[in-house]
Amino acid sequence: MEASLIDWSRLQFAVTAAYHWIFVPLTLGLSIIVALMESIYVARGDEFWKKAAKFWMKIFAINFAVGIATGIILEFEFGTNWSNYSWFVGDIFGAPLAIEGIFAFFMESTFFAVMFFGWNKVSKGFHLASTWLTAIGASLSAYWILVANGWMQHPVGTEFNVDTVRSEMVSFWAVVSNPVAVSKFFHAVFSGWMTAAVVVAGISCWYFLKRREAKFAYSSIIVACCIGLAGGFATMLSGDSSGVHIAKYQPMKLAAAEGLQDGGPKAPFSIVPGVEVPAMLSILATHSVDGYVPGINDILNGYTDNEGNTVLPVSEKMERGRQAIASLKSYRENRDNDPEAAAQSMADFRENEKYMGYGYLDKPEDVVPNIPLVFWSFRVMVGLGSFLMLLLIVLAWTAWKKKIEKLGWLQWITIFSIPLVYVCGQAGWIVAEAGRQPWTIQDLLPVGVSVSSLSTAAVQTTFFVFLAVFALFLIIELSIMFKAIAKGPEIEK
């Protein structure tokens, strides 16, 4: 498979996924903010909160509509650009996607219609329930997507069928309760709360600069900061859990994120090159000062993990992987006419089965991802996340004290933080996805075997078509959203 086809296929999928992720976190967080505002309205009977909820609901709806379109394109690309992958794991990967589409998506969309169009047409209680169910549906939708993604990071509950040459699900519960998927779900959802909080606060600060809608802006910032700070602290907790899972199941990703060439116990955490915190990486990765964290060279050359298991050198995994591929081929050639030879080939295959993916690699260094990209993306994520948490704390305090209206510098910082919160989220996904290269499915299926048999020119053409369409969508979406913001909630006359 030519490298350019692989690279262009990866680039197209990366751009599509990154564009889709512009809309997902705001949907997840803004739905909660809207539901909370409407809850205050129902509890107090104050029309102010109804109008506030309806305004942010309008922003939610604009974002939600474009997000659906990009998500559909993303799912189609599995069949067009990654058909070998889809064939190999369709029985597993397709199940959570189908559930997401049939259950969560329809639940979210149905109650969204009641939420958006049902004001004064249904009872307050039913409308409020619809708003909360829309928010819950959005999170359920995210969960099933992340179950699929979590399985790619840590494949569990499946078995390879030598007759169909496909991985098949043997435990639905193991796939659904995959600890990697659960951690990723909470991390994604709660980071979405932070994203929505910063967006709401930034738009509210714009009203301060325009000297309008002051009560609305104060109230929105306070609600947003409550959701954002809760989400921020939960994101840190889920990030800690995710770090432990990465250390256990994807040690190369952790080593790349730290630029750690040679590991060991009491491994230091690198803030930036040359500035380290002693033993901190061991604490974060294993919750023990003396925990062993393998570096890139250790993974390439083999090591003994914290549970006493010997991890083979990559070169030996590659050799065993090639043996597994050869045994599988021999089994399929002999299964109909030589049962004894087929049985021996099957035994040989099962002995080396878990290394089969390594048999498709060209050299041991292929398992090392782009270290600078992963290293700096991780620091962008952590650095911006810490800054945004501090910003939300300051905003919450100044809004509570009714001082933010006079602090022009803070208003501008908040407005310019809106793109920063998106950069933070995108950086996190770069770490998650680029960090596990060269694997489409960790240790099981490399990207070179996953792509469709397409011409490079065809992928290049569709890449630029999608890029143009996405740019047009984004321009239209921002135009509609800016007009809605400029019009405002029309609370204060």
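1. Burial and basis. The model is predicted. Of the 493 residues of the protein, 51% count as buried. The protein exposes about 21,700 Å², and carbon and sulfur atoms supply 66% of that area.

2. Overall form. The secondary structure comes to 16 helices and eight strands. The radius of gyration is 25 Å, close to the 23 Å that the globule rule gives for 493 residues, so the protein is as compact as a globular protein of that length. Taken along the principal axes, the C-alpha atoms fill a box of roughly 85 × 50 × 40 Å.

3. Contacts along the chain. Counting contacts in the protein with a separation of 6 or more, 78% are between residues 24 or more positions apart.

4. Main core. The largest nonpolar core has 123 residues. The members that touch the most other members are Leu 30, Ile 33, Trp 56, Tyr 85, Ile 221 and Leu 395. Helix α6 (residues 179–209) gives the largest share of this core, 17 residues. Another core lies apart from it and has 14 residues, among them Tyr 292, Ile 299, Tyr 303 and Val 311.

5. Ile 33 in detail. Which residues does Ile 33 touch, not counting those up to four places away in sequence? They are Ala 196, Ala 197, Val 200, Val 223, Ala 224 and Ile 227. Ala 196, Ala 197 and Val 200 fall within the residue range of helix α6 (residues 179–209). Val 223, Ala 224 and Ile 227 fall within that of α7 (214–249).

6. Nonpolar surface. Ile 271, Val 272, Val 275 and Trp 376 form a nonpolar patch on the surface. Together they have about 320 Å² of accessible area. Val 272 lies in strand β3 (residues 269–272). Its relative accessible area is 32%, so Val 272 counts as partly exposed.

7. Salt bridges. How many salt bridges does a search of the whole structure find? There are eight. Side chains of opposite charge can pair when their charged atoms come close. Three of these pairs are described in the next points.

8. Glu 258 and Arg 379. The closest N and O atoms of this salt bridge are 3.0 Å apart. The pair links distant parts of the chain, 121 residues apart: Glu 258 is in helix α8 (residues 251–258) and Arg 379 is in helix α13 (residues 371–400). Are these two side chains on buried or exposed residues? Glu 258 has 6% relative accessibility and Arg 379 has 11%; the cut-off for buried is under 20%, so both count as buried.

9. Lys 266 and Asp 290. Here the closest N and O atoms of the salt bridge are 2.4 Å apart. Lys 266 counts as partly exposed at 47% relative accessibility, and Asp 290 counts as partly exposed at 49%.

10. Arg 212 and Glu 213. These sequence neighbours form a salt bridge whose closest N and O atoms are 3.9 Å apart. Glu 213 counts as buried, at 5% relative accessibility. Arg 212, with a relative accessible area of 25%, is partly exposed.

11. Positive phi angles. Arg 211 has a positive phi of about 55° although it is not a glycine. Arg 211 is found in the loop between α6 and α7 (214–249) and counts as exposed, at 77% relative accessibility. Lys 402 is another residue other than glycine with a positive phi, near 60°. Lys 402 lies in the loop between α13 and α14, and at 51% relative accessibility it counts as exposed.

12. A cis peptide bond. Where is Pro 438 found? Pro 438 is in the loop between α14 (408–434) and β7 (439–441). The peptide bond from Gln 437 to Pro 438 is cis, with omega near 15°.

Key. Residues numbered from 1 in each chain as written. Predicted model: local features only at pLDDT ≥ 70, side-chain atom pairs only at ≥ 80, totals over all residues. Heavy atoms only, no water. Core = buried A, V, L, I, M, F, W, Y, C linked by side-chain atoms within 4.5 Å. Buried < 20%, exposed > 50% of the residue type's maximum accessible area, 1.4 Å probe, protein only. Helix = DSSP H or I, 4+ residues; strand = E, 2+ residues; numbered from the N terminus. Contact = heavy atoms within 4.5 Å. Patch = residues over 30% accessible without salt bridge, like charges linked within 9 Å, V, L, I, M, F, W, Y side chains within 5 Å. Areas by Shrake-Rupley, 256 points an atom, 1.4 Å probe, with all protein chains shown as cover. Salt bridge = Lys/Arg side-chain N within 4 Å of Asp/Glu carboxyl O. Rg over C-alpha atoms; globule rule 2.2 N^0.38 Å.
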